[in-house]
There are 2 protein chains.
Amino acid sequence: MIMAIRQGRYTLLLPTMPSIHGSGAVVGKTEGEGPLAAEFDYIYADDTIGGCPSWEKAESTLHREAVIRAISKADMSPQDIDLIMAGDLLDQCIGTSFGIRELEMPFLGMFGACSTMALSMALASVLVDTGAVCNAVASTSSHFASAERQFRLPLEYGGQRPQSAQRTATAAGAAVIAPHKQGTPCIEAAIFGKIKDLGIKDTNNMGAAMAPAAASTIADFLHDTGTKPEDYDLILTGDLSKVGTDLLLELLVKDEGIDISSVHADCGLMIYDLEQQDVHAGGSGCGCSGSVVNSYIMNRLKNHELNRVLFVGTGALLSPTSSLQGESIPAIAHGVLLTSGN
Amino acid sequence: MIMAIRQGRYTLLLPTMPSIHGSGAVVGKTEGEGPLAAEFDYIYADDTIGGCPSWEKAESTLHREAVIRAISKADMSPQDIDLIMAGDLLDQCIGTSFGIRELEMPFLGMFGACSTMALSMALASVLVDTGAVCNAVASTSSHFASAERQFRLPLEYGGQRPQSAQRTATAAGAAVIAPHKQGTPCIEAAIFGKIKDLGIKDTNNMGAAMAPAAASTIADFLHDTGTKPEDYDLILTGDLSKVGTDLLLELLVKDEGIDISSVHADCGLMIYDLEQQDVHAGGSGCGCSGSVVNSYIMNRLKNHELNRVLFVGTGALLSPTSSLQGESIPAIAHGVLLTSGN
């Protein structure tokens, strides 16, 4: 019985190929007006998410909805879930804990900022591969208004953001990860990243802060597995958006001699139409990659339009307090190899 | 090859018995004046933790120190660590990420509030047992002044707290968990808890909010393993302190017919002398159980004064925002079975 084999220094191969039995992606109004509208499970009419009395409660509702949809699409109920791994951007991860509290599932709280979808998928797939857990949920959420209020200013203030700033997506994504099932997208490898901090202090330029972490994890994964960019249909980053994407491509060429430009895409650039929508440098927030991976990507793995996707979620591990104290922004990137299975 | 066997609905037995190769516990001044002073690795002279310019930076320094001491006591270096699982109470877990950012270890961020030590030990031991990870670190921290400022009021305000309030310990704990090694304390089982919320809204009474979660996890563990309280030298809760401990004992008898009073102890009641020190209902904070387990408990497992300790860490998953919005306090408890090994 072979499982969770470490390859190289950082990568874990998952020979049992855990499958994604169900995935859920629900979004807010702006995301529902973007190019991926047809991919999502549900688009809320406005950012109150069905009339919730606060943005935080709206995010919790969004989170719960994604989890319930993923579980139900997997033909399971919360009672079938052995462990849910989840987190979000809000202080003390209340988007998650208040969202799932009635569901009575064993819960492992995570914090990876915007890398949470990749982090939770990586951990869930490792635990399923090793047999420690049978049915796992990986999930995350974010909300434009709850994030703005917490990290920048309340919307009512009408603050201006520079063009390098990203828009936190009002979105949630969830995946039910369980033992291999034929004809279902799988996770064949996972990698947990290291913190990278190159001294960026501009909280309106998270893409630049996160690009070095993405470069490090992608380079480690390719090195560990002895693969090249052309071995993937897509190397998909979490949400570097415009500024961060340019930097990532440059860093990988300059520092590692790796050119991923022909296979690279970024969830933050996919979820919105940057020409038509007023979203500055693109999307961000845990729910950005959470919803894109659990809709558009999953749909294309199912119909074999995509077969091998290296998904690397990126997170900026700052807080408003650390930035006010003059600190730079540490970042991290975690990854999973998603395949169309067999 | 047998590993990570699920017993009952919630419990994972770890037949390879991963060992705690090294543990670190460092604390602030008040904790160093308490009854466990002789147990800690290092006591800082004041809560600036060596003159740090902010309480948050002080907490990060404390966290790093515990991690470095644990790794060094395990005769390892950060380069030997495959994965560190860690978190804390601060917004976006900055105590952790800024503390360990230079150490270049793959990092899995966790959020379990004050249950983080039990949560990270549970996950680390499962990952080591299954062979997914060889050398893991589980760590956490908390700081009285950074927590007061964030959850209640800055110390400078001089606010009064009721007697039911607990004191957040200025403390950090870390454990290096790696494959079984003779003569070293082990982890033989792990359990991930479910969120329990019985509607408590008083943020100055976390013990009451957390007691139901502790009762649920202890009852699940005893039920899953077919064991009784007398099968343990100690059933140790994270930090329920005075109010929560009374409630836990009562809840377990009333709802489950289980009397743990003869073997129960609580880290929040151990770290301070409630008669002599002005700490209200006792200690709390991630670092409370983090430092007690990684000093006093580990020392007694080593000399076989204790042989079987069921450690259940409890966490209150609230944020200041959720409480201001009138929400109740969801809580969770995770557990590990610590043994003296062989």
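Student: Which handedness does the crossing of α6(B) and α7(B) have?

Tutor: A crossing is left-handed if the near helix is turned anticlockwise from the far one by less than a right angle, and right-handed if clockwise. The crossing of α6(B) and α7(B) is right-handed. This is a predicted model, in which local features need pLDDT of at least 70 and side-chain atom pairs count only at pLDDT 80 or more, while totals for chains, interfaces and linings use all residues. Residues are numbered from 1 along each chain as its sequence is written, chains are lettered from A and ligands numbered from 1 in the order in which they are written, and side-chain values use heavy atoms, with hydrogens and water left out.

Student: At what angle do the axes of α6 and α7 of chain B cross?

Tutor: Helices (H or I, at least four residues) and strands (E, at least two) are DSSP runs numbered from the N terminus. Axes are lines fitted to C-alpha atoms, for helices over the stretch in contact, with angles from 0 to 180 degrees between N-to-C directions. In chain B, α6 (residues 206-225) and α7 (residues 241-256) have axes that come within 8 Å and cross at roughly 45 degrees. Angles under 35 degrees count as roughly parallel, over 145 as roughly antiparallel, 65 to 115 as roughly perpendicular and the rest as oblique. α6(B) and α7(B) are therefore oblique to each other.

Student: Which residues of α6(B) and α7(B) meet?

Tutor: Contact means heavy atoms within 4.5 Å. From α6(B), the residues include B:Gly207, B:Ala211, B:Ala215 and B:Ile218, and their partners in α7(B) include B:Gly244, B:Leu248 and B:Glu256. Ala, Val, Leu, Ile, Met, Phe, Trp, Tyr, Cys and Pro count as nonpolar, Asp, Glu, Lys and Arg as charged, and the others, Gly among them, as polar. On that scheme the contact of α6(B) with α7(B) has eleven nonpolar, two polar and one charged residues.

Student: How do α4(A) and α4(B) cross?

Tutor: The axes of α4 (residues 116-129) of chain A and α4(B) come within 10 Å and cross at roughly 50 degrees. That makes α4(A) oblique to α4(B). The crossing is left-handed. A:Leu123, A:Val126 and A:Leu127 meet B:Leu123, B:Val126 and B:Leu127; the contact has six nonpolar, no polar and no charged residues.

Student: Which residues of α9(B) does α4(B) meet?

Tutor: In α9(B), B:Cys286, B:Ser289, B:Gly290, B:Val293, B:Asn294 and B:Met298 meet B:Thr116, B:Met117 and B:Met121 of α4(B). By class, this contact has five nonpolar, four polar and no charged residues.

Student: How many cavities of 30 Å³ or more does the structure hold?

Tutor: On a 1 Å grid over the protein atoms alone, a cavity is a set of points where a 1.4 Å probe fits but cannot get out, and a pocket is an open set with protein on both sides within 12 Å along at least five of seven lines; lining residues have an atom within 4 Å of a point. Grid points are joined across faces, edges and corners, and a volume is the space filled by probe spheres set on the points. The structure holds five cavities of 30 Å³ or more.

Student: What volume does the largest pocket have?

Tutor: About 660 Å³. Of its 32 lining residues, the closest to the centre are A:Glu148, A:Phe151, A:Arg152, A:Arg161 and A:Asn204. The lining has 14 nonpolar, 13 polar and five charged residues. The second largest pocket has a volume of about 350 Å³.
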